[in-house]
Amino acid sequence: MRPGSSDYLSRRSQRIDIGLNNLLPEYPKAIPGDSLFCAMEKKEINGHPHVKYHRPLVSIEELTENAEHFYRKMNLRRTVREFDSRAIPLEVMENIIRTAGTAPSGAHKQPWTFCLIADPGIKKKIREAAEKEERISYSQRMPESWKTDLKPLGTDWKKPFLEEAPYLIVVFKQSYGIKDDEKIQHYYVSESVGIACGFLIAAIHQAGLVTVTHTPSPMNFLSKILGRPENEKPFLLLPVGYAKEESYVPDLERKTLDEILKIY
Ligand code: IYR
């Protein structure tokens, strides 16, 4: 079986699942992050509760294979702007968002809210508001040099994908939290939410779906349409779905390892 073939990839992910459940035979469906998984070996350290970290013991051969396998899979990710309207089960989207929620964050404040939109009426409102801003951006706000840089991507003010994709995810960053009417300090908010969006995009790709990272500017209209509170600011808008059956993406190249890696 050729590494990188779809059969090879699905066999390998099955093997990873079986491995996790062998590690936890008493909880056959335990998933890290679930309370079941966390309820195992506990210990107080400096007066704070800790749980045992179950180190996955991976051989050098497996490390090598895992790293190459994941790179190959991620290297197949492409930004796609044309969607198939085929429905996607809500459960799939919930697990994708759970994955984004596993991201690290400043002082573990998890300063994010993911709004999932399937309602055609709300999608229409978002499209209309986004296109209104984008039309102004493309005709008045963006300098010619910016538009020249975007030419190879073929973007313009029209955003039909905001209605065509079965789901939109709007990610909000929480500048601060609120609990019992008290403000909670958040740290490294943009970094944390940016990392969570990276996890989100990887999870969308891993599931077999596509997205485009859309950042209409300004995007305050999203707070209004979705009725988000004052402590949340829109961060990123991601339409999610199957790619349209026949769609083309720009013939782009990624920087080589030599260009992005400096070893010291
Ligand atoms: N937000 C606009 C413009 C745009 C900007 C960049 I930088 C892109 O990589 C792609 C598009 C739009 O969504 O069309």
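Analyst: Helices here are DSSP runs of H or I with at least four residues, strands are DSSP runs of E with at least two, and both are numbered from the N terminus. This is a predicted model, where local features need pLDDT of at least 70 and side-chain atom pairs count only at pLDDT 80 or more, while totals for chains, interfaces and linings use all residues. Residues are numbered from 1 along each chain as its sequence is written.

User: Where does Pro-152 sit, and why is it called exposed?

Analyst: Pro-152 lies in the loop between α6 (144–150) and α7. A residue is exposed if 12 or fewer other C-beta atoms, placed from the backbone, lie within 10 Å of its own, buried if 20 or more do, and partly exposed in between. Pro-152 has 10 such neighbours, so it counts as exposed. Leu-252 is 100 residues away from Pro-152 in sequence, yet their C-alpha atoms are 8.7 Å apart.

User: What makes Pro-229 exposed or buried?

Analyst: Pro-229 has 10 other C-beta atoms within 10 Å, so it is exposed. You'll find Pro-229 in the loop between α9 (221–226) and β8.

User: What makes something a nonpolar core, and which residues touch the most other members of the largest one?

Analyst: A nonpolar core is a set of buried Ala, Val, Leu, Ile, Met, Phe, Trp, Tyr and Cys residues joined through C-beta atoms within 7 Å. The largest one has 36 residues, and Leu-168, Ile-169, Val-170, Val-171 and Leu-200 touch the most other members. Among the elements that each supply at least two residues are β4 (167–174) and α8 (189–207). The top contributor is α8, with 7 residues.

User: How do you know which residues Leu-168 is in contact with?

Analyst: Two residues are in contact if their C-beta atoms, placed from the backbone, lie within 7 Å. Skipping neighbours within four places in sequence, Leu-168 is in contact with Ile-117, Lys-123, Ile-126, Leu-162, Leu-237 and Pro-239.

User: Which residues make the contact of α4 with α8, and how many of them are nonpolar?

Analyst: From α4 come Val-92, Ile-96, Thr-99 and Ala-100, and from α8 come Ala-196, Phe-199, Leu-200, Ala-203, Ile-204 and Ala-207. Ala, Val, Leu, Ile, Met, Phe, Trp, Tyr, Cys and Pro count as nonpolar, Asp, Glu, Lys and Arg as charged, and the others, Gly among them, as polar. That gives 9 nonpolar, 1 polar and no charged residues.
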